[in-house]
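Morning, everyone. Please look at the sequence and the structure on the screen.

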Amino acid sequence: MTETRRVICWRHGQTDWNVENRFQGQLDIPLNKTGIAQAERAAQLLALLRPDAIIASDLQRASDTAHALARLTGLTVTHDPALRERFGGPWEGLSRAEIAAGWPEQLPTMDIPGGEDMPTVGARVAEAVQRGLEKVPEGGTLVVASHGAALRAGIHTMLGLPQDQLEALGSLSNCSWSVLGPRRLGGWRLLEHNAGTLPEDKVLGDDR
């Protein structure tokens, strides 16, 4: 069956550790006041896209972001641990400066000793998205509330990009999102990346 659905990959709102430039990983850090306001603003926009389902990481910063949209749409958030952030091993809780001091060779390539590699993260996130799509009808929209590195890895996997091209995708800002839609010959294509405004119709269908 030809794919007709789209996926909105939505990063959680700001936390205090984001401001402090600390590696959060799978530690359960809450949204701060700015992050709560970001989630509420973004939810007002995303609700206009009439999503059919919402799935989210079970870490509270992503879960609370997702629930801001659920309150406006009446949808139920389905939590999937596979949408958690990349596990950061000994880096979790450390600032960038502390990581640079302890692992100067590994930091530039984000090769975390004892941490989770990005292909593994991408695979689990892509599988979670596929499970979420089971709740979405043809032509519908799935919202995925998750984390920056996890979403970037998942998008990379869904697009089928080579492993050495991960850096081709820029980072996602707090409470920004990316939109994936179907390609005509199967698979996914990136329609928007790191967006904070609603797309124009011509952007989503420029080749109709």
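**A walk through the salt bridges**

R84 is partly exposed, because its relative accessible area is 27%. Partly exposed lies between two cut-offs: buried is under 20% relative accessible area and exposed is over 50%, using a 1.4 Å probe and protein chains only.

A quick word on the source. This is a predicted model, where local features need pLDDT of at least 70, side-chain atom pairs count only at pLDDT 80 or more, and totals for chains, interfaces and linings use all residues. Residues are numbered from 1 along each chain as its sequence is written, and side-chain values use heavy atoms, with hydrogens and water left out.

Back to R84. Which residue forms a salt bridge with R84? The partner is D58, and the closest N and O atoms are 2.7 Å apart. This pair links distant parts of the chain. D58 sits in the loop between β2 (53-56) and α3 (60-73), R84 sits in the loop between β3 and α4, and the two are 26 residues apart. D58 is partly exposed, because its relative accessible area is 28%. What counts as a salt bridge here? A side-chain nitrogen of Lys or Arg must lie within 4 Å of a carboxyl oxygen of Asp or Glu.

How many salt bridges does a search of the whole structure find? Seven.

Next, E167 and R152. Their side chains meet in a salt bridge, at 3.8 Å from N to O. This pair also links distant parts of the chain, with the residues 15 apart. E167 is in the loop between α6 (148-159) and β5 (177-182), while R152 is in helix α6 itself. Is E167 buried or exposed? E167 counts as exposed, because its relative accessibility is 64%. R152 has 14%, so R152 counts as buried.

Now a third bridge. E20 pairs with R22, and their closest N and O atoms are 3.0 Å apart. E20 has a relative accessible area of 43%, so E20 is partly exposed. R22 is partly exposed too, with 27%. E98 joins in: E20, R22 and E98 are linked in a network of salt bridges.

Stay in this region for S95. S95 lies in the loop between β3 (77-79) and α4 (96-102). Its relative accessibility is 13%, so S95 counts as buried. What does S95 touch, not counting residues up to four places away in sequence? E20, N21 and R22. A contact means heavy atoms within 4.5 Å.

Now the whole chain. Its secondary structure comes to seven helices and six strands. Along the sequence, the pattern reads β-α-α-β-α-β-α-α-β-α-β-β-α. Helices (H or I, at least four residues) and strands (E, at least two) are DSSP runs, numbered from the N terminus.

What about size? The C-alpha trace spans about 50 × 40 × 25 Å along its principal axes. The radius of gyration is 17 Å, which agrees with the value near 17 Å for a compact globule of 208 residues. That radius is taken over C-alpha atoms, and the globule rule is 2.2 Å times the number of residues to the power 0.38.

Last, the packing. Of the 208 residues, 49% count as buried. Take the contacts with a separation of 6 or more: residues 24 or more positions apart account for 67% of them.
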